[in-house]
4 protein chains.
Amino acid sequence: MIKAGIIGSTGYAGNELVRILTGHKEVEIKWYGSRSYIDKKYSEVYQNMFQIVEDVCKDDNLEALAEEVDVIFTATPQGLCASLVKEEILSKVKIVDLSADFRIKDVATYEKWYGIEHKSPEFIKEAVYGLCEVNREDVKKARLVANPGCYTTCSILTIYPLAKEGLIGMNSIIIDAKSGTSGAGRGAKVDNLFCEVNENMKAYGVATHRHTPEIEEQLGYASGEQVVLNFTPHLVPMNRGILVTAYANLKDGVTEETVRDAYDKYYKEEKFVRVLEKGICPQTKWVEGSNYVDVNFKIDSRTNRIIMMGALDNLVKGAAGQAVQNMNLMFGFAESEGLSLVPMFP
Amino acid sequence: MIKAGIIGSTGYAGNELVRILTGHKEVEIKWYGSRSYIDKKYSEVYQNMFQIVEDVCKDDNLEALAEEVDVIFTATPQGLCASLVKEEILSKVKIVDLSADFRIKDVATYEKWYGIEHKSPEFIKEAVYGLCEVNREDVKKARLVANPGCYTTCSILTIYPLAKEGLIGMNSIIIDAKSGTSGAGRGAKVDNLFCEVNENMKAYGVATHRHTPEIEEQLGYASGEQVVLNFTPHLVPMNRGILVTAYANLKDGVTEETVRDAYDKYYKEEKFVRVLEKGICPQTKWVEGSNYVDVNFKIDSRTNRIIMMGALDNLVKGAAGQAVQNMNLMFGFAESEGLSLVPMFP
Amino acid sequence: MIKAGIIGSTGYAGNELVRILTGHKEVEIKWYGSRSYIDKKYSEVYQNMFQIVEDVCKDDNLEALAEEVDVIFTATPQGLCASLVKEEILSKVKIVDLSADFRIKDVATYEKWYGIEHKSPEFIKEAVYGLCEVNREDVKKARLVANPGCYTTCSILTIYPLAKEGLIGMNSIIIDAKSGTSGAGRGAKVDNLFCEVNENMKAYGVATHRHTPEIEEQLGYASGEQVVLNFTPHLVPMNRGILVTAYANLKDGVTEETVRDAYDKYYKEEKFVRVLEKGICPQTKWVEGSNYVDVNFKIDSRTNRIIMMGALDNLVKGAAGQAVQNMNLMFGFAESEGLSLVPMFP
Amino acid sequence: MIKAGIIGSTGYAGNELVRILTGHKEVEIKWYGSRSYIDKKYSEVYQNMFQIVEDVCKDDNLEALAEEVDVIFTATPQGLCASLVKEEILSKVKIVDLSADFRIKDVATYEKWYGIEHKSPEFIKEAVYGLCEVNREDVKKARLVANPGCYTTCSILTIYPLAKEGLIGMNSIIIDAKSGTSGAGRGAKVDNLFCEVNENMKAYGVATHRHTPEIEEQLGYASGEQVVLNFTPHLVPMNRGILVTAYANLKDGVTEETVRDAYDKYYKEEKFVRVLEKGICPQTKWVEGSNYVDVNFKIDSRTNRIIMMGALDNLVKGAAGQAVQNMNLMFGFAESEGLSLVPMFP
């Protein structure tokens, strides 16, 4: 039994971490960090946890926390984790950072897209990009894991086998992504009010969304080429779920069978990636509440493009679930411990 | 490890049984019954179960099933279970019936409200009304359990302590209930289309809904009086959740404290009934996906009425979760086995 | 052609006033007041108005406004209108106040339920309660109209004929009301975020909601008795719409026919109140975007209670539509001018 | 005052025609056709029309109808209009066909994508494609107008100026479209049940959707090239609204200004196409209930692609509104008569 602390436990991703860890056999949560709700009972902030969690929220004190726990999850805004992490802390605890601070290897790229100065660039090299299906062995040895973004996880896993196997033109990629509103967080903003989101749909952050360089970097590693692509996120009137529809030019001679073999090669043994049967399009509801990513594809012979589709729950595989999956690998637990969550339908 | 069969496994309640039993340590599902989808893979009917359930659907054959399993869940339309159950079957397996066939002790009342002839009235007396918090000891010894309705469970558990302790005028009770749309089932009807339900709200079955006599009968047992009450269900644009707002006249001298003591007396030790703290109104989202019922109350001294409120997930505590809770009691498992589902928020 | 000013034009009710007045033949909007968006283009605050409204927002200056327009709508928080209104202003313009400031005749009651001091009690007596179907003749002569609340309009019109004709026990009334989320306004609050409201339902303000005394006062005038009742509002995951389900004891000898005659007596000639045919329950979607109130009832002979139901669009008949209806009466226009809005379905 | 008949008046598009024509000064609806509801009151099928429409539904008899009215709208499944239209009928009435029967000039293409035989190919040449902003003059002279599809209208109007001006690579176009559920019609299908659509999102008809050849044909006329493109529709949990996100490669030297000039050239004088200001992304809610299309674009200099966005209400500009706009042109009425519908927000 290890002990865990959550910095930023009162955001939606933090609450999802609590939900998942509550059912994890090897972990006990010792610290519910929350700058906004210090000394308030956690279950008063999230009444779903009434009679399940009795603790009160504490300050985001990483140093104090490092003395008490074995693993820290930072589910906080960009910049916070980078500003607090130190060798002294990392020598005592392992960290799974759900923010973007250690996802991008090039500091300049990070600083340009996020518009903030990186406060601890010395740890970027060490940090492992925690996309378990791709970097499993490195995650096992990591002290600091950069948990991938929600759009990113869905986009990369949807495209990865084709990038890795060289089946598509890497600079022809267009990713059109749609997300439920929990991805926007629990902050009180007019744009996220029920009446503004319900019965409405829009693109946002067009050509400027911060997950773009993260996707490009990872698909670049996979393909061995530098990748520049289009990524367009959209806000959809639902709580949870990301759906990615990605387009790319097929290389000559690539067939339905080639593509299916590629997906099978990388995902056949993966519990959390389900390659759907031919003709079945992923639906976000089929993965809701679970750590699954559902992927599939369709080849359009008229345009010689492939349409790749992926769906996940942004708070689970897109955040808290993947964070726990990373923790499981880091501590040698069964990778799916605490994550045997069956999708809830309807 | 016992074996279970589900008759009607492809309705929403059936699918929820599959979701819950999949995580139950003591049960293995051996039979996915579904008249409409015989020989079709279960996971093609419910893609959320892809790579989780590999079985194909079978016919609703209760006799064949009785040879193979230890417990049968019947999640079928009214009348089916009553038409199939026999001593020969009950001597081999235990049955949890999610339909209304054995909920009402008076055959005439059943036949009047449901408009069908009861085909096996001889088992009505034996059947135990499976509201675990009220009839726990009887359920443990039962062969045939009548699993309560969704509206009914929420209504009764919300009012029960006050009825039992004689704190309210039993003929002053008005229950105004609101339900998510999964309660209407998966049948293809215009009234349940997205565009008809979304951005809409209505009452239905006013003064005629079939759950009325079931509530009256159970509250009658609790209070020792014959009870006649108003029950008005409403359809709400959400998938899951029932919210009950119940009104009654307080008897003389009943105070806030008397009422809270009554709730505590019956629910303090109950895992699945959470009496919220003063001033907190139940919300359906706080119990979604879980087996909890959240209840609370407010006294209006101006009118000397009490407003009692309860919330549950109609597919869990209102159907499949309670059915599993009953099964746990019948087979001597821990009552909460398979039911440690933390509510999902948001 | 008269000129109108809107104080608080950037709230949801304010925007609905703009929508309706834009289609009104006799009115031109001259002043878009908005404390929060001074000097910003109105259509940047509400992009639906792009290329329809070219004006910029101005301060909430009632005195300056009185010089420029013939009618002022105040769609502002409680207290504002009362703090600004003066004889000097009322001698120049007519005012339709969408806040609660002049709805309640007893200052003490107002101050107790709203928790603020009334700044101009001298105008309370003069103000006409603008429920057009009830006070039409007085509205025609008014300088200052108190536009009724959304819950109130729906509750009163649903019950009024029975109260007026003495068919129900006035102290047996229980009103269970359900509202879409636009009633909560456009303020940025966590409770009104999409993820908190969607897939969720709750009661709020139980036994303490401010519309209670307003309903009691008006039903008191109708029945000639002092009325104390229960009113419970609920928040529903939809943008627009209020559904009222009201319960009362029927007086002896009152039949289906008596009740239907009462509804016909008061509403047969009313364009905006539709008494539905027997057996049809009102649905909020059937009135969406329009100024209609749909009402109907069901008698439960088992309990001798009547269940009365009403539905309206909270932003139209519950706010802006009724305000325009009042304005039409005050200026001698056709009562339905600008209000021939056909409900939008789906 | 002309007389109109609606064949298929009880579908969602039919009901929207009724809503719009009810407010049209020059038209009186004389025939509410509906195969499924013959002899039933129209307002019993659509209760929003209670006390507004008193007529009963009649059979879909085009010949009888041609004797009684001046214009016929056919809001029916594919194939019906083509099977009924004759010279004898067209010599008496004008027809606006909301189905796809006369949209595609090449019969073979129609028959391939729709999988049915065309029953009156002799009228295809005469039929005018009723995209008013593009074919206004031809529409004015037409006897038979093929009203464009909902996805099609949004896609074409979003891309048209760039295709016409030769600013983009016509074979680089990818259209990712998202639609509310009313586009799926009022048929009772499991896939369109509230619980299947709500909190869910999916692509469908990938690389096979029937609106593809219609878009290709029209953009082909605009650009003077043969066009093959990708079109992917998605189902979104909202009633109304289509959002199109389209991608294309920019030709050399095309700048922000070139593009904006192109949009202005074609749309500056168009009432129903609103080119939003720089940086503002279209939202479906901003056009809900109205005949507007909102368009805008963003250039991504990193990939040298343009992202074009468009939003409309699929039942108005995507169906009934555009049909009325066509009728207005055909009969010489003001083009916007009956269509001054201000978008409803929220």
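Contact here means heavy atoms within 4.5 Å. The legends below describe close-up views of a predicted model.

**View 1. The contact between chain C and chain B.** In this predicted model, 49 residues of chain C are in contact with 49 residues of chain B. About 4,100 Å² is buried between chain C and chain B, and carbon and sulfur atoms give 54% of that area. On the chain C side, the most area is lost to chain B by E199(C), M201(C) and R302(C), which together make up 17% of what that side buries.

**View 2. Salt bridges and polar contacts between chain C and chain B.** Four salt bridges are found across this interface. One of them joins E216(B) to R302(C), with the closest N and O atoms 2.5 Å apart. Residue pairs in polar contact between the two chains number 32.

**View 3. Elements of chain C on the side that touches chain B.** At least two residues each are supplied by several elements of chain C, among them β7 (174-179), α10 (211-223), β10 (242-249) and β13 (305-312). The largest share, four residues, comes from β7(C). By residue class, this side of chain C divides into 22 nonpolar, 14 polar and 13 charged.

**View 4. The axis relating chain A and chain D.** Chain A is superposed on chain D by a rotation of 180° with 0.0 Å of shift along its axis, the RMSD being 0.0 Å. The two copies are therefore related as by a two-fold rotation axis. Within chain A, P237(A) has the C-alpha nearest the axis, 3.3 Å from it. Because 100% of the interface residues of chain A are also interface residues in chain D, the copies meet through the same surface.

Conventions. Residues numbered from 1 in each chain as written. Chains lettered and ligands numbered in written order. Predicted model: local features only at pLDDT ≥ 70, side-chain atom pairs only at ≥ 80, totals over all residues. Heavy atoms only, no water. Least-squares fit on C-alpha atoms with pLDDT ≥ 70 in both. Buried area = accessible area lost by both parts, 1.4 Å probe. Salt bridge = Lys/Arg side-chain N within 4 Å of Asp/Glu carboxyl O. Polar contact = N/O pair within 3.5 Å; in protein donor to acceptor, adjacent residues only side chain to side chain. Nonpolar A, V, L, I, M, F, W, Y, C, P; charged D, E, K, R; others polar.
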